[in-house]
Amino acid sequence: MADDKFPFTELVDSLPASVPFVGPETAERQNGKKFAARIGANENVFGPSPKAIKVMQETAGDIWQYSDPENYALKAALATHHGVKPDNIAIADGLDGLLGLAVRLFINQGDEVVTSYGGYPTFNFHVDGFGGKRIEVPYQGNFEHLDGLI
């Protein structure tokens, strides 16, 4: 390309060059040392359950296969455990993926979305990225301003 610019959409070009969450690995590289504890990443300090490790080892030979795109068995097990219908279960790649799905399902370009000033950064990233208009309500003292959010 002559101007070294990708032909992104106007929406993408209008977004700031920001990252919603700086991962611990990035912070470690920037600081030149490892964290003693990675509590900011909500990681379990005890590591995975031995039961989970055993199941992963037993099923590692099937990793070459694509998984069931409907997550049928997982949804059925979760639905039974929680006493709901499988149709009430959504499977995604963590909270960030679920927030992205929710924004894409319910927020149209230009829709106003009210969130707190300290709201989850990835939610804000998705709202901005899919064209929502984010309205941030500042804290009231040291707390969420509930009336402002309403």
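**Fold.** I counted the secondary structure in the protein chain of this predicted model and found seven helices and two strands. Reading along the sequence, I wrote the pattern down as α-α-α-α-α-β-α-β-α.

I looked up the span of the C-alpha trace along its principal axes, which is about 45 × 45 × 45 Å. Of the 150 residues, 14% count as buried. I also checked the contacts with a separation of 6 or more; residues 24 or more positions apart account for 30% of them.

**Helix α2.** I went through residues 24–31 and asked which ones are buried. They are P24, A27 and E28. These three cover an arc of only 100° around the axis, which puts them on the same side of α2. On the face turned away from that buried side I noted R29 and Q30, both exposed. Just after α2 comes G32, where I read a positive phi of about 75°.

**Largest pocket.** I looked up the space in the largest pocket and got about 220 Å³. Which residues line this pocket? I listed M56, T59, A60, D62, I63, Q65, Y66 and S67. Sorted by type, the lining divides into four nonpolar, three polar and one charged residue.

Note on methods: Residues are numbered from 1 along each chain as its sequence is written. This is a predicted model: local features need pLDDT of at least 70, side-chain atom pairs count only at pLDDT 80 or more; totals for chains, interfaces and linings use all residues. Side-chain values use heavy atoms; hydrogens and water are left out. Buried means under 20% relative accessible area, exposed over 50%, partly exposed in between (1.4 Å probe, protein chains only). Helices (H or I, at least four residues) and strands (E, at least two) are DSSP runs, numbered from the N terminus. The arc is that of the directions from the helix axis to the C-beta atoms. On a 1 Å grid over the protein atoms alone, a cavity is a set of points where a 1.4 Å probe fits but cannot get out, and a pocket is an open set with protein on both sides within 12 Å along at least five of seven lines; lining residues have an atom within 4 Å of a point. Grid points are joined across faces, edges and corners, and a volume is the space filled by probe spheres set on the points. Ala, Val, Leu, Ile, Met, Phe, Trp, Tyr, Cys and Pro count as nonpolar, Asp, Glu, Lys and Arg as charged, and the others, Gly among them, as polar. Contact means heavy atoms within 4.5 Å.
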